[in-house]
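Here is a short report on one protein chain. Please look over the sequence and the model before reading on.

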Amino acid sequence: MFEHVDNYPGDPILSLMDDYQRDPRTDKVNLSIGFYYDENGQVPVLPTVQRAKAHLDARPTSANLYLPMDGHPGFRRAVQDYLFGALSEAQDERIVTIQSVGGSGALRVGADFLKRYYPNSQVWVSDPTWDNHLAIFSGAGFAVNRYPYLDASGKRIDFARMLEVFAQLPANSIVLLHACCHNPTGMDLSVEQWDQLYMLFRERSIIPFLDAAYLGLGEGVEQDAYAIRALARTGITGLVANSFSKVFSLYGERVGSLSIVCDSAAIAQRVHGQLKGTVRTNYSNPPRHGAELVSIILGEPQLAAEWRAELESMRVRMVAMRQALFDAIRERKPELDVEYLLEQKGMFSYTGLSAEVVDRIRERHGVYLIRSGRICIAGLNESNLDAVAQALADHH
């Protein structure tokens, strides 16, 4: 039995983390996995999260029961307000939001739901994108294709080519888009481009599926939420997968959500029921603790304001690290074109370095990037900045 089972090659990012842990060098630098690290190289516990935990601990002990299939009610309400902002009552009734097991769980539940009701549709993801996007949608049974995202230089979005591809897609095609802080490139569509895209999607009956893992780490929560809120305003149908791992530093709690913007309140009610059915046949109920923490923070205005300030300090630190790395590289090699460090947004920068060059940087300098050439900017601090700058200057 099971003699025919293949070896699992491993997830490329998580396998790289294993290699990093085994590396005996004391000056090694981890810029691979998408964790936010503080200036001391530690994954922080946010003060607002600590206060929310204390609030939970002070409550009378009660039975640790299952949450409903669609999740914590207070969490769902708070998340919908956080993602979509102020909406009219009619708009609000068209949106279904459920709790999920992280952003990956939201993507998979959404994929399973779509596969049931659009079994002949195909999925399109950006080239490049986060590797797990392909695995999740193909695992749900979809044929997954790539649409062009960057131009030949690898340093600009080729929006015209994107539109050409989308204009040829059959009705009910599913297009995966990064709501902000595109992973791995850090290059985002402009407000005008989002508006143009949604007009085309309406004309072609294309279903957008937004992935929002970094809301607030690009230009701020309100700016980064534009694509999500514009989707709700346009009246077209679309999905939004959201993760709180990065922005609340709650990686292990697996706190996420899936929202679907529907044509009407009546359709939304039926979609809500079928999403619960999809969850029931997957993991049955989402976890409680992380959702309660997020619900407390987003539901209490003072705590919510303090959390937004904490999130902004994370964003500002990464902007400062971008500038510092740019300056340090240009100091070593003034002729190098590293403007991308300042132009890209969020936790990642896309260097354009080949997999072979990334391997050499790791072997010679102990600086770990993923093989797409993506750098996790949040892994930079004053103690490792010079080593990273030297490694990139030597091999760029």
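## D70, a covered aspartate

D70 is buried, because its relative accessible area of 7% falls under the 20% cut-off. The model is a predicted one. D70 sits in the loop between helix 2 (47-57) and helix 3.

Which residues does D70 contact, leaving aside its neighbours within four places in sequence? The contacts are R76, I98, Q99, H272 and K276. One of these, I98, has a bridge partner in strand 8, namely L258.

## The sheet

Strands of a sheet pair through backbone hydrogen bonds, either parallel or antiparallel.

## Strand 2 and its surroundings

Strand 2 runs antiparallel to strand 8 (residues 255-261). The two are joined by 7 bridges. Strand 2 is mostly covered, with 6 of its 7 residues buried.

## Helix 5 against helix 6

Helix 5 (residues 102-117) packs with helix 6 (residues 131-139) at an angle of about 35°. Their axes are 9 Å apart. The crossing is right-handed.

Which residues meet in this contact? From helix 5 come S104, L107, R108 and A111. From helix 6 come N132, H133, I136, F137 and G139. The residues of this contact divide into 4 nonpolar, 4 polar and 1 charged.

## D38, an aspartate in another loop

D38 lies in the loop between strand 1 (29-30) and helix 2. Is D38 buried or exposed? D38 is buried, because a relative accessible area of 15% is under the 20% cut-off.

D38 touches P44 and R317, not counting residues up to four places away in sequence. The C-alpha atoms of D38 and A378 are separated by 7.5 Å. Along the chain, these two residues are 340 residues apart.

## K333, a partly exposed lysine

K333 is found in the loop between helix 13 (301-332) and helix 14 (340-343). K333 is partly exposed, because its relative accessible area of 26% lies between the cut-offs of 20% and 50%.

What does K333 contact, leaving aside its neighbours within four places in sequence? The contacts are A393 and D394. A polar atom of the K333 side chain lies 2.8 Å from the backbone oxygen of A393. K333 and N282 are 51 residues apart along the chain, and their C-alpha atoms are separated by 52 Å.

Terms used: Residues are numbered from 1 along each chain as its sequence is written. This is a predicted model: local features need pLDDT of at least 70, side-chain atom pairs count only at pLDDT 80 or more; totals for chains, interfaces and linings use all residues. Side-chain values use heavy atoms; hydrogens and water are left out. Axes are lines fitted to C-alpha atoms, for helices over the stretch in contact, and angles run from 0 to 180 degrees between N-to-C directions. Helices (H or I, at least four residues) and strands (E, at least two) are DSSP runs, numbered from the N terminus. A crossing is left-handed if the near helix is turned anticlockwise from the far one by less than a right angle, and right-handed if clockwise. Contact means heavy atoms within 4.5 Å. Ala, Val, Leu, Ile, Met, Phe, Trp, Tyr, Cys and Pro count as nonpolar, Asp, Glu, Lys and Arg as charged, and the others, Gly among them, as polar. Two strands pair if DSSP finds at least two bridges between them. Buried means under 20% relative accessible area, exposed over 50%, partly exposed in between (1.4 Å probe, protein chains only). A polar contact is a pair of N or O atoms within 3.5 Å; within protein, one must be able to donate a hydrogen and the other to accept it, and residues adjacent in sequence count only if both atoms are side-chain atoms.
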